[in-house]
Structures are given as C-alpha cells and as structure tokens.
Amino acid sequence: MTIDRTVNTMTATLAGAALLSRRAATATSSTIRDLLELAARGDVISLAGGLPCPEAFPTDAVRRATSTALDAGSLQYGATRGEAGCRAALAGWSDVATDADGVVITTGSQQGLDLLARCLVDPGDAVVVSDPDYLGALQVLRGAEARLVAVATNHEGLCTDDLAALLAGGLRTKLVYVVVNFANPTTATMTPARRAHLVELAERYGFIVVEDDPYRELWFEGPPAEAIGVGSELVVRLRSTSKTIAPGLRLGWMTGPAWLLGAVERAKQTTDLHTSTLSQGVVTALAAQDGWLAPHLDRVRSLYRVRRDALLDALGTVFGPELDVVRPGGGMFLWIDLPGVDSAALLPRALDAGVAYVPGAAFAVDTPRPGSVRLSYATASPDELHLAAQRLGEVVTDAWDAQWAGPAARR
Ligand code: PMP
C-alpha cells in the first residue's frame, strides 16, 4: 500500500513536471536561499544571507505606525501604482527630484527588477551586468531569457571603459544593470567619474540604466556620491525600505521616465494588483513622524559599522595581513579572496565546522572565482563574528595544509 502510494506520487510528479512551462522548468533556485535553510541549523553561525540585523528593526515605531495605519483604513485594496500618501512620502525620501506622480511602489525592489525585465527584455536581448553581480538580478534576467553580457567590475564599480569598448565594437543593449553603492557582492561603490561616463554612454547609445540602490543609506564614513539618476531621463532607480526599516514590509519604490513607469504599472497589475496597503500605511505613518528617520538611520549605521570592524579585525587576526579584502565603506558584506581554495567545494566542511558563507561562484557570470567568498556581517553579533572567523580560518587552513602549501606559495 505504502509502496503503491509512493509509486503513484512519483508518477504524478513526473507527469506534472512535463506540464511545466519552459521558463518554469529551466528556472534554478537561488543558491543563497537554499543555503539559508542549511545555515538555519542552530549550531551554524551564518555569514551567508544578507539578512538585516533584527536589532536594527524599529519595532516600537512600526508598532505605533501599524496602529495609525489601521485607523486610517489600510486594509483595503488599493491603487496599483501605490497609495498617494505613501508615494508622496517616498518621493520625499528619494535622492532625485520627484513627486508622488513620479513614484511606483513595488513589492520590494526585487519586484521592481522583475517588472523592468518584463517591460524591457525580449528573449535573446543583450543585457549588461557586472561580473560578478547580485544573484537576484541574474536570476530575473536569466528567467527573462536575456543574453547576459558580462562587464568587469573593480573597486571603482563597473568598468565603463570596457563597456564603451563593447558598444564601440557593435554591442547594442536596451538595459545596463548596476548596483551603484556598496554593491552586493563586491562591496564596490561606483566613482562619480564612472557614473557620469555611464550616463554619457546611455545617452549616446540609447539604453536604460537600472540603478539598483538598496544600500545607499548604510554608509559608514560618509554618504555616497550623487545618484546616476539625477537629471537623466534614461535612468530608472530602484529603492527599498528593506535595509533601512525592515525587509518583511516588502516595500520598495521606483523612479524614472514616465513612459517606463506606465509600462511597469501595467505589468504590476497582473502580478499582484498592488503592494500591501498595510505596509504602505506603516511607511506613510513612519514618514509622518517628524525627526524619526535621521536618528534611526544613525543607529542602524553605527550598528553595522561596529560589525564590519569586528569581522575585519577577526579575519585579520585569523588570516594575517595577507588577506585579500577591501574595507567596505558601507553595506552589509565583505568580499574576500582565499587563494588556492575552492570555496564552493569547501562549504560542506565549513557548515560542519559551524560557519556558513556564500561561495563567490554563486555571483559569477562568465568568470569563475573559486576562491571568492561573500561574508555578511549584518546578522551575527560581534562575538559571533569572531567565532565564525576562527571557524572559517580552521577550515581554510586545513584545506591549505591538505594541498601542502600556504597562501603565500599560491599567489
Ligand atoms: N538588489 C540588491 C542589490 C539586493 O542586495 C537586494 C536584496 N538582497 C535586492 C535588490 C532586493 O531587495 P528587496 O526586494 O528586499 O527590496
């Protein structure tokens, strides 16, 4: 009986799989989301997911704002573009000049990306991304059957000279995707010169720049340069409350050219009708609290700054000055290189030792980076970060020893 039922289930599953659309059948699961499940084991300190620190959530303020939102009737269906009051508030939080009409509210900036891909990309279209780049964007673009054109990135962000050379050589693209500040995973912030160069190229060759900017407010030493989108009709900006308030609100917003926002709004109608009116009510009520945001953001920044320094110190102690790491000026991540190590192959041993990270391979487009590793310092406490670094050090040292050579010998 049990065997019969198992066989029946398997047969039904196989038959069902044949019914999946081509896109659903070829869609791959995010390595990071899969990892988060493994890393949720109690004995593992996870530096894997980019989960904001719960201590950074303004829980009391959100509780008060929820009550205000309920009093204001925020449980009803709403407009696809978003509630006017919330759009006005988000226009006020935007770093480009806009008003409520210039804002579309999205269910996280991830939905903004998905809607833009639906509005701009036909199968086979060339889309420019950085190599490596944010996995969630790569998933969306691969799902839209874009032809990904990888352009190198370094500590100054996307190498716009390389892009210019490709365009001069005949590349035509509708869309260039960039994470401008404290990028995920490289932590790089694009220099003002490269931002200006990218706009110049967009104007010359007629493509849209998608400026994804969820980490802008998480700066430690000073605010980042002016947004690419200031003054350009070819730039669409994606913003999010996930890292500044709480990701569970699932509330992001988009500013950009009116023709594109109109298309996005129509695409959103079929996706989810609108973003949660309750979340919008909460954000509207938070924004109405005079003087709330600035001290809240100061607190969030100092929390993350302390954690960045804790992880950098701990890694410095474990690996010594040889460690290949750039000190990020903001955001949630460190991007390190462990020469001679295959970080994906090493992950099961790291999990056994009680530490999780994301192998650099997860973010690769064309160039495999076996030694790269993304570490998030956002979720674990400074003490846990020290312990995690020690565990990582032991696992990596064992791997180096097993190859009969230390890091210096492998450079
Ligand atoms: N873009 C980047 C670069 C991200 O790192 C993330 C989240 N990790 C997102 C977009 C999506 O954020 P959300 O949907 O929560 O706004």
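This is a predicted model: local features need pLDDT of at least 70, side-chain atom pairs count only at pLDDT 80 or more; totals for chains, interfaces and linings use all residues.
A residue counts as buried when its relative accessible area is under 20%.

**Stop 1: Glu-217**

Select Glu-217, which is located in the loop that runs between strand S7 (208–212) and strand S8 (235–240). Its relative accessibility is 18%, under the 20% limit, and therefore Glu-217 is classed as buried. Next, display the surrounding side chains: with residues up to four places away in sequence not counted, Glu-217 touches Arg-239, Thr-244, Leu-297 and Arg-301.

**Stop 2: the ligand**

Centre the view on the ligand and show its shell of 13 residues, of which the closest are Ser-109, Asp-212, Tyr-215, Ser-240 and Ser-242. Colouring this shell by residue class gives four nonpolar, six polar and three charged members. Which helix gives the most residues to the shell? Highlight helix H6 (residues 108–120), whose contribution is three residues.

The side chain of Asp-212 places an N or O atom 2.6 Å from a nitrogen atom of the ligand. For Ser-242, a side-chain N or O atom lies 2.6 Å from an oxygen atom of the ligand. At Arg-250, the separation between a side-chain N or O atom and an oxygen atom of the ligand is 2.9 Å. Taken on its own, the ligand has 400 Å² of accessible area, and the protein covers 90% of it.

**Stop 3: Val-325**

Move to strand S10 (residues 324–325) and select Val-325. Is this residue buried or partly exposed? Val-325 has a relative accessible area of 26%, so it is partly exposed. Beyond its neighbours within four places in sequence, the contacts of Val-325 are Leu-312, Leu-334, Trp-335 and Ile-336. For a distance across the model, pick the C-alpha atoms of Val-325 and Pro-224: 101 residues apart along the chain, they are separated by 20 Å.

**Stop 4: the nonpolar cores**

Now select the largest nonpolar core, a set of 51 residues in which Leu-47, Tyr-304, Leu-311, Leu-315, Ile-336, Leu-375 and Leu-392 touch the most other members. Elements giving two or more residues to this core include helix H12 (293–319), strand S11 (333–337) and helix H14 (382–402). The largest share, nine residues, is from H12.

Zoom in on Leu-392. Apart from neighbours within four places in sequence, Leu-392 is in contact with Leu-315, Phe-319, Ile-336, Val-355, Tyr-357 and Leu-375. Finish at a second, separate core of 30 residues, among them Leu-141, Leu-175, Val-210 and Val-264.

Key
Residues are numbered from 1 along each chain as its sequence is written. Side-chain values use heavy atoms; hydrogens and water are left out. A residue is near a molecule or strand if one of its heavy atoms lies within 4 Å of it. A polar contact is a pair of N or O atoms within 3.5 Å; within protein, one must be able to donate a hydrogen and the other to accept it, and residues adjacent in sequence count only if both atoms are side-chain atoms. Accessible areas come from the Shrake-Rupley method with a 1.4 Å probe; for residues, only the protein chains shown count as cover. Helices (H or I, at least four residues) and strands (E, at least two) are DSSP runs, numbered from the N terminus. Ala, Val, Leu, Ile, Met, Phe, Trp, Tyr, Cys and Pro count as nonpolar, Asp, Glu, Lys and Arg as charged, and the others, Gly among them, as polar. Buried means under 20% relative accessible area, exposed over 50%, partly exposed in between (1.4 Å probe, protein chains only). Contact means heavy atoms within 4.5 Å. A nonpolar core is a set of buried Ala, Val, Leu, Ile, Met, Phe, Trp, Tyr and Cys residues joined through side-chain atoms within 4.5 Å.
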